[in-house]
Amino acid sequence: MELLPEDLFADILHRIPEQDLTAAHCVHMSWRATIDCRRLMQLVLTLPLAGIFLTFNDHDLSEFFARPTPPSATAVCGKFHQYMPTTISASVQDHCNGLLLLLAASSVVNPATRRWAALPNPRPSCPFSSEGFSRYNYIVFDPAVSPHYEVVQVPHLPTKGAKVKPQIAGLEWSPSLMMLPVFSSATNGWEKRSFVRQGEALGTVADLQAPWPSDQ
């Protein structure tokens, strides 16, 4: 393949089926560079919008507003309780490339295939959790790179008016280095990874504490 001109090689890749292109993306760095530079994956993986999930503040469940589905297509099911063995209210906390991260159920769901997996316990402690900081989960998934996904726990600042120790209130946010819990579906386990801030801090914890909605 190295003897082929890049334009010809890219044209060949553009003509192969979606699954084969995804596999080719993982074969060699030069292949991945060609696919990424020509944005071939974006051309292939563009899918029609099946619907939208909405989470209302006073609803326990996220609502799914679906578009009409052709008879030949697989319908996306937004009723998690129909295929998940849980009675816990399930609202969508985060999403990425077709995967949903459910809040109370603490699970990752693919509503197109109706497959799901619970996040295991125990989990590493999240930074500042003992200081009144809440923690939010975020899912990361790129099917063009890997069939596996990751979930990252990130601390969120306390709301305005919450009592914070002076030594914490004076810290810059976000910290220049933070160890965050990360779950990987490849290993089915949690670990702590270091994350380095890019750019300058936005301010101190005291400066950035979010106000109550009634104060805005």
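**Starting from one lysine**

Reply: Lysine 165 is partly exposed, with a relative accessible area of 43%. Here buried means under 20% relative accessible area and exposed over 50%, with partly exposed in between (1.4 Å probe, protein chains only).

Me: Before we go on, what kind of model is this?

Reply: This is a predicted model, where local features need pLDDT of at least 70, side-chain atom pairs count only at pLDDT 80 or more, and totals for chains, interfaces and linings use all residues. Residues are numbered from 1 along each chain as its sequence is written, and side-chain values use heavy atoms, leaving out hydrogens and water.

Me: Ok, back to lysine 165. What does it form a salt bridge with?

Reply: Its partner is glutamate 131, and the closest N and O atoms are 3.7 Å apart. A salt bridge is a side-chain nitrogen of Lys or Arg within 4 Å of a carboxyl oxygen of Asp or Glu.

Me: Where do glutamate 131 and lysine 165 sit in the chain?

Reply: In distant parts, 34 residues apart: glutamate 131 is in the loop between β6 and β7 (134-141), while lysine 165 is in the loop between β8 (149-156) and α5 (166-169). Those labels come from DSSP runs, numbered from the N terminus: helices are H or I with at least four residues, strands are E with at least two.

Me: Why would side chains pair like that?

Reply: Side chains of opposite charge can pair when their charged atoms come close.

Me: How many salt bridges does the structure hold?

Reply: It holds 4. One of them joins the side chains of arginine 193 and glutamate 150, at 2.8 Å from N to O. Arginine 193 lies in strand β11 (residues 189-196) and glutamate 150 in strand β8, so this pair ties together parts 43 residues apart in sequence.

Me: How much of the chain is buried?

Reply: Buried residues make up 31% of its 216 residues. Threonine 34 in helix α3 (residues 29-37) is buried, at 7%. Skipping neighbours within four places in sequence, threonine 34 is in contact with Glu6, Phe9, Ala10 and Leu13.

Me: Switching topic: which residues form a nonpolar patch on the surface?

Reply: Leu49, Ile52, Leu54, Phe56 and Phe65, with about 460 Å² of accessible area together. Patches take residues with over 30% relative accessible area and no salt bridge; like charges are joined within 9 Å, and nonpolar side chains (Val, Leu, Ile, Met, Phe, Trp, Tyr) within 5 Å. The areas come from the Shrake-Rupley method with a 1.4 Å probe, and for residues only the protein chains shown count as cover. Phenylalanine 56 is in the loop between β1 (51-54) and β2 (63-66), and is partly exposed at 35%.

Me: Last one: what order do the strands have in the open sheet?

Reply: The order is β3-β4-β5-β6, 4 strands with antiparallel pairing. β3 (92-96) and β6 (115-118) stand at the edges with a single partner strand each, so one side of each has no neighbour in the sheet. Two strands pair if DSSP finds at least two bridges between them; β4 (residues 99-102) and β5 (residues 107-110) are joined by 3. Leucine 102 stands opposite serine 107 in β5.

Methods:
Contact means heavy atoms within 4.5 Å.
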